[in-house]
Amino acid sequence: MQDASPVAVVRAWQDAASGQDTDRLIELSAPDVEIVGPRGSGRGHQLLRDWLGRAGLSLEALRVFARGDAVVVAQRGVWRSAETGEVTGEAALAASFRVEGGRVARFARYDSLDVALAEAGLTYADETSPD
């Protein structure tokens, strides 16, 4: 996705994460992708694989904000048990992405859209279509 817009890369990345498509997620991520979440931060494809394997998370984009290589997505997250498929949690989330060279170089999850926008250097004026 070298020539794709940062928003298109993020949409594809989130589709891969929600679909538990590890190979596609890795393809869309920089080798030293930074992952920031409530348990701390780390880097690399192995951490991304581990996160996807245990998260059981599907994401629905509600609002998208973008400027340059920065993208923030307000979303609904649903966690499911790997064993039963039952919903184990739901929450309103926001994720901040930095896209470099057609790949996600940084993914950070926040509980607040305002915090995600501020961290990415975006504002509500940067909203674009979520489709």
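Me: Definition first: a nonpolar core is a set of buried Ala, Val, Leu, Ile, Met, Phe, Trp, Tyr and Cys residues joined through side-chain atoms within 4.5 Å, where buried means under 20% relative accessible area, exposed over 50% and partly exposed in between, with a 1.4 Å probe and protein chains only. So which residues have the most contacts inside the largest nonpolar core?

Reply: Trp13, Leu25, Leu48, Trp51, Phe97 and Phe107, in a core of 27 residues. Before we go on: this is a predicted model, in which local features need pLDDT of at least 70 and side-chain atom pairs count only at pLDDT 80 or more, while totals for chains, interfaces and linings use all residues. Residues are numbered from 1 along each chain as its sequence is written, and side-chain values use heavy atoms, with hydrogens and water left out.

Me: Which element gives the largest share of that core?

Reply: Helix 1, with seven residues. Helices (H or I, at least four residues) and strands (E, at least two) are DSSP runs numbered from the N terminus. Helix 2 (22-27) and helix 3 (45-55) are among the other elements that give two or more residues.

Me: And Leu48, what is it in contact with?

Reply: Trp13, Leu25, Ile26, Ser29, Val33 and Ile35, leaving aside neighbours within four places in sequence. Contact means heavy atoms within 4.5 Å. There's also a second, separate core of twelve residues, which includes Phe65, Ala70, Leu113 and Leu117.

Me: In which sense do strand 1 and strand 6 pair, parallel or antiparallel?

Reply: Parallel, over four bridges, with strand 1 at residues 29-37 and strand 6 at 103-110. Ile35 sits opposite Phe107 of strand 6.

Me: How many bridges join strand 3 to strand 4?

Reply: Ten, and the two run antiparallel. Ser58 has Val78 in strand 4 as its bridge partner. The hairpin they make has two residues between the strands, and Gly68 takes a positive phi near 60° there. On to strand 5: strand 4 pairs with it over eleven bridges, antiparallel as well. That hairpin has six residues between the strands, and Gly85 has a positive phi near 80°.

Me: Why call strand 4 largely enclosed?

Reply: Because nine of its eleven residues are buried.

Me: How about Arg76, what's its accessibility?

Reply: Arg76 is partly exposed, at 34% relative accessible area, and its place is in strand 4. Arg76 stands opposite Ala92 in strand 5. Its side chain makes a polar contact with the side chain of Glu90 at 2.6 Å. A polar contact is a pair of N or O atoms within 3.5 Å; within protein, one must be able to donate a hydrogen and the other to accept it, and residues adjacent in sequence count only if both atoms are side-chain atoms.

Me: Another arginine: is Arg106 buried or exposed?

Reply: Arg106 is buried, with a relative accessible area of 18%. It lies in strand 6, and its side chain makes a polar contact with that of Glu34 (3.2 Å). Among the residues in contact with Arg106 are Ser96 and Phe97. Ser96 belongs to strand 5 (residues 87-100) and counts as buried at 4%.

Me: Which of its residues are buried?

Reply: In helix 4, Leu113, Ala116 and Leu117. Seen down the axis of helix 4, they fall within an arc of 95°, so they line one face; the arc is that of the directions from the helix axis to the C-beta atoms. Ala118 and Glu119 are exposed on the face turned away from that buried side.

Me: What caps the N-terminal end?

Reply: Ser112 caps helix 4, with a side-chain oxygen 3.3 Å from the backbone nitrogen of Asp114. Just after the helix, Gly121 takes a positive phi of about 75°.

Terms used: Two strands pair if DSSP finds at least two bridges between them.
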